[in-house]
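User: Hi! I'd like to go through this model with you, a few questions at a time.

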Amino acid sequence: MGREPEYFSKDFDWEKLKQEVESNPSLSYHFQPFDSNPPSLPSPSQDSQAWKQFHIRHSTGRFFKERRYLLKEFPELLFCDEYSKVLEVGCGNGSTALPILRGRDNITIYACDCSNEALERANKMIKDSNVGSVAHRFHLFHCDFSTNGFPKWLACDSCQGNFLQKQHDQFSDAEANQDPSLNNSSSLGERKCCTGGVDFVTLIFTLSAVPLHRMPSALRECFSVLKPGGLLLFRDYGLYDMTMLRFELDKRVGFREYMRFDGTRSYFFCVDTVRDLFTGSGFNVHLSLNIAVSNQQIAELGRVCVEFGFMGNFRNPFDAILYNFVH
């Protein structure tokens, strides 16, 4: 077995990679303006069907490996309050949910996907893992968050209104930040009308599969079910990733946006796009974005393959504002 790739960010020369890639004539088509009259976009049902077929083809589960790095990259999941609730968006076969369930025995995960086949794989993967108390801590549901939004049992209109009111009160009355009950998870706990929202949302290689024009509304949906002070954990493809550079010209369906032969798509993010998308949806960038780079030798290419991805922590503003006042 090969050595596990190392992820780093501080000693990576972004400008050097940018220059090398963009000066390569064979790759120039990736950075050309896209035709302003592209063919009609596929419907949401076509997108869902593409992912359905994708999961049928990879039904053995070997295509997805358990994301063991997750708790290392996002330690907030290890040190969160007891009985915290996580919404895992685009759960696939459960490769993100499993390490979270292993790492904390009192955390509850609500996991959704637009593919029923993916939900079946996830259910089997978690059950076969022998993780304790899964039946009460792992809940699957079908949802395409980019088109239909999340079900009201996750956070009803009343609770969402309370979230916004608390944020408004935080702006208008600084002294309210001294009241510890305002950010107490028990005060926004599970309610009879719904679950009362979630403490975490995870978007791990999910947003890039959403068409760019639907990303803002998808992120607003995530914001709407996140408790004040809650945290969205994000990891996805970055600009210049080798996955992007391997796409041929005819696979472009937009600027930095590509469609595979099976109809599934990928978008490749730059820092500014990520920041604009999240802040435009109401989030505060509580921590700086990290650039995660993995160098792996790819023998058949005879070169080092750079796997580039973004990791970011984005907060519902309430807790970020509290931090500013208290400190």
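Predicted model: local features only at pLDDT ≥ 70, side-chain atom pairs only at ≥ 80, totals over all residues.

User: Is R214 buried or exposed?

Analyst: R214 is found in the loop between β5 and α8. Buried means under 20% relative accessible area, exposed over 50%, and partly exposed in between, with a 1.4 Å probe and protein chains only. At a relative accessible area of 10%, R214 is buried.

User: What side chain does the side chain of R214 make a polar contact with?

Analyst: A polar contact is a pair of N or O atoms within 3.5 Å; within protein, one must be able to donate a hydrogen and the other to accept it, and residues adjacent in sequence count only if both atoms are side-chain atoms. For the side chain of R214, the contact is at 3.2 Å, and the partner is the side chain of S146.

User: How many Å apart in space are P44 and P211, C-alpha to C-alpha?

Analyst: P44 is found in helix α2 (residues 44–57), and P44 is partly exposed at 33% relative accessible area. In sequence, P44 and P211 are 167 residues apart, yet C-alpha to C-alpha the distance in space is 9.3 Å.

User: What handedness does the β-α-β unit of β5, helix α8 and β6 have?

Analyst: Helices (H or I, at least four residues) and strands (E, at least two) are DSSP runs, numbered from the N terminus. Strand β5 (residues 198–204) and β6 pair in the parallel sense over 6 bridges, where two strands pair if DSSP finds at least two bridges between them. A crossover is right-handed if, with the strands pointing away from the viewer, the path from the first strand over the helix to the second runs clockwise. With helix α8 (residues 215–225), the unit is right-handed.

User: Why is strand β6 largely enclosed by the rest of the structure?

Analyst: Strand β6 covers residues 226–237, and L233 in β6 is the bridge partner of T202. The strand is largely enclosed because its buried residues number 11 of the 12.

How values were computed:
Residues numbered from 1 in each chain as written. Heavy atoms only, no water.
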